Structure formats: structure tokens, C-alpha cells
Amino acid sequence: MLDELKESLRDYEANSLYDFKDEENETNFYREKEGLTRDIVEKISREKEDPDWMREFRLKCLDIYNEMNMPNWGPSIEGLDIDKISSYVRSKSDMKNRWEDVPDDIKNTFEKLGIPEAERKSLAGVGAQYDSELVYHNIKDEVARQGVIYTDFESALKGEYADMVKEHFMKLVPPTNHKFAALHGAVWSGGSFVYVPKNVKVEIPLQSYFRLNAAGAGQFEHTLIIVDEGADLHFIEGCSAPKYNVANLHAGCVELFVGKNAKLRYSTIENWSKNMYNLNTKRARVEEGGRMEWVSGSFGSHVSYLYPMTILKGDNSSMEYTGITFSGKGQNLDTGAKVLHIGEGSSSIINTKSISKDGGIGTFRSSVTVMPSARKSKVSVSCDSLMLDSISRSDTIPGMDIRTNDSDIGHEAKIGKISDEAIFYLMSKGISEEDARAMIVSGFANSVSKELPLEYAVEMNNLIKLEMSGNM
Amino acid sequence: MAELIVNELPVRTINKLSLNEEKLNIEEKSVDNTRYNDIKIVHMPKSVECIKEISNDCVVTIFAKINEKISKKNIEEEIPNNSNLRNSNQVVRTGMGIDIDEFFEKKAIRSLLIKAKENHLEKDVVRLSAKADEYGNVLSRQVIIVPDNSSLTVIMDYTSEDNFKGLVGISTRFYVGKNSELTLIKTQLLGNKTLHFDDVGGVVDDDGHVLFKQIEIGGQKSYVGVYNTLLGDRSKSTNQTGYIVGKDEKLDFNYISVQNGENTESDAVYRGVLLDNARKNWRGTIDFRKGSKDSIGDENEDTLLLSENVENRSIPIILCSEEKVDGHHGATIGQLSQDMLFYMQTRGLTKQEAGKLLIKARIDSIVRDIPDEKLVKVIENKLENIL
């Protein structure tokens, strides 16, 4: 088994699974100049043929961005200079719904990432974004026949669902939320819109994959998912980028509306390159009896601020967040979750694992607020951290604000090292120390990987193996 | 009005939680135009040296060697992610922070030095008492030194007349030498109109142990900060805090345990009850610094919320830059156990009696081994009145 593991590691290294890049030039790509000005925002708006309200919204967001301060907590983002970031880069080819029609270089990228194969095997629909725009979008006929809408965001903004998009766009994450939400509002591009009608259960997942290929660029996709009453959806988000020596920025925004008695699972395997500033905002609102499930694996980025938030608005609504973060050399990953309990009988479970290695900094940060109306609510927060050496760092910063006496709140945090006894035991069975440590870390991450579909669990385990061997 | 920024978190977090720091407003007239008294020495064992009104320079001299040792251990390493580093200029780091030092300096309040003799092992305790009344507020600073191979117990109680609108402000700094032990007991039983702050900070050397026991039952607004630096190898801190907050009272805590030495141990228990319109903020940090290998940190918070209108904010932080450590935090926040209440009712108690008994048991578990029977009785009476 270990030989197979080593073999697969070698394969991954040989193929440079995530760190490969394609040349982008003026012939096949359009690139907006670096920086953030009113002219640039207006130009993006014209380029995308925005409706008037969106153009005005973008400009309002730009004003808010200019007025707001940088966050005064969290990892340093001093290395991020917005004047050196191009906020809009797109292929000159239009979006296709057949892989054969996608330009070869871009298609090859997604082939290497295994997206078309995954679509054939196990997905109900796929959206593939390359830099600022989607290059491929498709949904299986049988799912479309159920009335499920899965389309690129630009089409949704102008098509049949334009009013629904306008009603929901940046309502959960208002641009005043923080500086990078305002930035997103000003320059957003790409992303997906999903609508699952009442009582429709989508049996297999939809997936959007975001690839940022251009150096010194930003990706600002917007994902809006509305799961109507009694409906059920699993949505998978994947992201990666090749490594450059200049900073890249990802400031996407995800807004999820979970209807009465509906269920949405949102899974993410994030493996941005280690020059990426990942300042992503994700938020869900759950109505009566609805359920939101987050599964999150954070492996990439130089700096991450990522705390998916759930607003449990309806009575008896619930959420579960399961996350793992692996911080390696040169990484400062600040991740966690936020939850706001409003509905009576609402419940939330936050369960995270954090691993720090080779000087990486991992921080678990959370915020749990229980409002007076959330009587009979239940909260359980558990975070486990593993330190793999003494040059790394692992911090746990969970905040709670409880405003009703009629709730049960439990919190538990643990931090520690790999048990010497466990390593010794495995070594006594003929396993090398390095392999023993990798096996223990995989076991530590098991509670997260078991929540993922098989293919993604395998990918996550491979990422852990790569991180453990220090080859990423 | 003096506005002090106190009880800052060692690392900042999401502003919306309102836990990064607290503003403490002190009406200047309460400390300028009225008298303020030092804490009263009720009993000082003969074997303990006591010097009144030592200057800040003197405190700097006392802690010079200790601070040199701290620098050598490089414990002021930078904590990433926007740490609050304002406190680094303090002579002794305290939980409430540098604004309290500056406030005392501005008021020219000097310190009371309490120093046990080397190899002092007497059980006789130092007994201090602060009472705020029409004759004045209390502003007092103490420096407690327990030299090598010694043990010392210091008990302080704070009281004020009901409806007395005044201030009881205390600062206690300590050093626990090698193989020594300090038991520091503070009981706050102030009237419900009194403003209170209590700022504590100290350093524990090799094989030293500080046991800090604290009762907070009263005061209109109370601010408490504790900063233990476990500098020496095998040094240890034990915190036991019990509190009841009721009416429109507010209690704001900041506990920090920095573990520097190898094989250090911090163990903390916080048990409390919120009634009526009470508000409580609790910050607890275990900070494993580089070099603190084989250390253990454990903190447990247990809060009962007994009114619909209470607000409870908590943030239990673990910071870690050392691999071989074991840190743990557990918190339960909620109501009395229905199973336990039911069981007690089956034994003939009314629901109200059962509830009262369970609340008292929480505080009693911290109060019971205070080595001052009279004080224990006073606390029990105060509890009885509140419940």
C-alpha cells in the first residue's frame, strides 16, 4: 500500500497537478490594465453589457471601497497592492457548452484538473471559469428537465431570471460588509446562478471550477444559489491556480438562499497557489426547517480570510460546518465559520481540524451569535489543531455572543502534537516515520474527507500527502 | 471623564463581536474631588516585610532582573495577525493593560510592597481590606514578592455601602520565586452602585506556583484583568473564579496565561451565574510560546444564564507556537440541568429551592477552602441575599 502511495505521489509531482500555466497573449486574451479606478469599473460594466442598475451598483461599490478601511484584525495583507492587480482578464473565445468547442489550451487545463472526466462520471452539471469569465457551462438534460436552472451569472443577469437575480444579488453580503465585499461589488465577473424549484431533489452534485491562470490578476466570481422550499442540492466548488512571483487576488462572493425545509450542501476544495490572497465571502440564509451544510478544505493560498456565515433565520433551521485547513510553508490561513441564530429551535454544529507545518500559520476563527428570539437553540463548536513542528503556529480564536438563557452552548478546543506512542506503534509495524506521520494526519482529517464524494475525498487525501511530503 | 482602554485581547478578532477591548470610563470627580484611600492592612504577619508607598522607579528596580530574564527567553516574540502589542511597555504585564498603570501614575498612587522572607513557610496570612464609603474611594496598588523556597497567602476583600456611587480600583503585581507558592485570594462584594476594577499581573519562576482565587459578587460595573507569565520551567498557575452578576450589572474579564518555560501548567476554572439584565464579557487566553515544550494548558468555563435578558459574550483563545504542548478549552453556557432539578424535586425540594442550591454549590466550590472563616460567612450571607 505504501509503495502505491509513493507511486501516486511521484505521479502527482510529475504531472504538477495544479502548478502548470498557459501563456496568455493579446491575440487570445483581453486584459484590463492594473489598478482600480472609475474608468476601469465602467469599462468592465460596458464590456459585460450590464443593465443600468448593475452599472450604478458597481460605481456605488467603488465609492464604498474607497471609503472603507482595511481590516484591523487577521493576517497581514500588506503584500497585496490593488494597483498591481488586473481585475478583468478573459479569453477572447465565448463560453461553450461542449468541451470540444473550448479552445485547446484552456480545455487542456481543465482536462489536467480532471473536470470533464468528473462531469461524465459523477456530476449533474459543470461550470468552468478561466480567469474572469466562464469558458464552459453545461447541465445534464434530465436535471434541466426537473426545472433546475444552472447558468453562468452574466446570462442569469439578463435572462428569464433577471428579476430574481436583482432581488437577491449582494443582499446577503452587502458591499458595506467589508472592504473586499465592496471591491467584489465593483468588479465582479463570472460565477454561477443556480435555482432549484420547489420539492426538486438533485440527486448528483453540480460543480463550478475556478481557475485563475493569469499572473497579477484578480478573480471575483459571484455564486448565487436559491434552493426553493423542500428542494435539495449538493454544490461543489473547486479552485486552483499556477504559482507566480507576484500577488494574485481572489475576492469571490457566494450567496446561498435555503428555503423552507430545503437542504443545501456546499463543498469546497480550495487549492489556490501560494501567491494568492484569498479574501472570499460566503453567506447563507436558511428558512424554517431548512438545513445548510458546509464542507470546506483549505490547502492553498498565501493568505486566506475565509469564514462562511450562516444566518439561521427560520424556526428549527440548522447548519453544520465541517472544515479542514492545512497551513504549510509561507502560508497564513485564517479560516473558520460564523453563525447567527435567529429562529427558535435552530441548531448549529461547527467541527474543524487545523494542521500547521513547515512554518505555516493556521488560525481557526469563529463567531457564534444567538439572538433573544432563538429560544431552544443548540450550538456545538469543536476545533482540533495539530502542530507538526515548532516553527509553525496554530491559533484558535472562537467568539460567542449569547443573548438568550434558553439555549445550550457547548464549545471545545484542543491543540496538540502527533502522539509519539502512535508513531512508535506504526514504526514497530515496519512503517517509516514519514509514512506514519502522513497516515496519522490523514486519520486526523478523516472526519472531513468522509463528508466528501469519493473522488473529492481522494483528491483531498492526495493534497494532504503532498503537503506532508513538502512537495507542493 | 477619563476613558481607559482596558482588557484588550492579545490578538484582535472580528470587530462585530465587541470583544477586542473594553472602554472603562471613570468620572474624574470621583477620584479628584473626593478622597481616595489605600487598602487597609488588617493583618500582616511579622515574618512578612511590608513597605508603604514605594515609587514606580522602585517597582522597576524590583522587576529589572526578572524582565531581563524575560527578554532573554525572548517571550515578547511577535504574535502575528494583528496582535495588541500596546502593553509591551508595562513594567509588569497585566490583564487590564497599560492604561491602568498610567491612570495610577497620573494620580500619583504609590505601591504597597509585601515581601515574604526567603524560606518563609508560615501559614499566617496577609489580610487586606478595601472599603469604599462616604469617607472616600479606594485606589490601591500592591507589589507582592515571594522569594525562593517560600509560600505566602494574601487575602483581599473589597466592600462598599449599598448605593455608594464610588470607585474601588486595585492593581496587584507579583513575583513568585523558584520553588515558591503564592495564594492570592480576592473577594469583591461591592454595593451595586460602585465601579470596580482589579488589574493583576505577575511572573512565576522555576517550580513556582500561583493560585489565584477570585469571587466577584457585586459592583455596578466590574473590570478584571489577570496576566500570568509562567516564565520558569515547571511553573504553574491555577485560576479559580466564581461570580454572580445580576440587576443591571456588568462584568468584564480578561485572563491571559503566557507559558514560557518547559513543562509549565495552567489550569483555570470559571464558574458563574447571570441574572436579571446582567451583561458579562469573558476573555480567556492560553498562550504557548516557543520553548514551552511539554506544557499543558486547560481552561473551563461554565456559565448559567438565568434570565431572558442576560447577555453573555465569551472568547476562549489558544495561541500556540510550540509543537509539544497540550492545550484544551471547554465551555458550557446554558440553563440549570433539568435532570438535576427533577432529581432534587423527587427528594422533596421545591424547584426554587433546588435551583438555589445548585447555584450556591457552584460558588461554594470555589469559596469553601478560603482560609478565613469570617470572610466565607460574609460571602455566604451575600449569596443568600442575592438569591
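Which exposed residues does the face of α5(A) turned away from its buried side carry? They are R120(A) and K121(A). The structure is a predicted model, in which local features need pLDDT of at least 70, side-chain atom pairs count only at pLDDT 80 or more, and totals for chains, interfaces and linings use all residues. Residues are numbered from 1 along each chain as its sequence is written, while chains are lettered from A and ligands numbered from 1 in the order in which they are written.

**Confidence**
- The model has an ipTM of 0.93 and a pTM of 0.92.
- The average pLDDT of chain B is 90, and 94% of its residues score at least 70; pLDDT is the predictor's confidence in each residue, from 0 to 100.
- Where pLDDT is low, predicted coordinates should not be read in detail.

**Chain A overall**
- Chain A contains 13 helices and 25 strands; helices (H or I, at least four residues) and strands (E, at least two) are DSSP runs, numbered from the N terminus.
- Along the principal axes, the C-alpha atoms of chain A fill a box of roughly 65 × 60 × 45 Å.
- Buried residues make up 56% of the 472 in chain A. A residue is buried if 20 or more other C-beta atoms lie within 10 Å of its own, exposed if 12 or fewer, and partly exposed in between, with C-beta atoms placed from the backbone.
- Of the contacts in chain A with a separation of 6 or more, 83% join residues 24 or more positions apart; a contact means C-beta atoms, placed from the backbone, within 7 Å.

**Helix α5 of chain A**
- Helix α5 (residues 115–122) of chain A has I115(A), A118(A) and E119(A) as its buried residues.
- Seen down the axis of α5(A), these residues fall within an arc of 105°, so they line one face of the helix. The arc is that of the directions from the helix axis to the C-beta atoms.
- An α-helix has 3.6 residues a turn, so residues three or four places apart point the same way.

**Positive phi in chain B**
- Most residues other than glycine have a negative phi.
- S18(B), not a glycine, has a positive phi of about 55°. S18(B) lies in the loop between β1 (2–6) and β2 (22–26) of chain B and is exposed, with 12 other C-beta atoms within 10 Å.
- D207(B), also not a glycine, has a positive phi of about 60°. D207(B) lies in the loop between β12 (195–204) and β13 (209–217) of chain B and is buried, with 20 other C-beta atoms within 10 Å.

Definitions and conventions. Contact = placed C-beta atoms within 7 Å.
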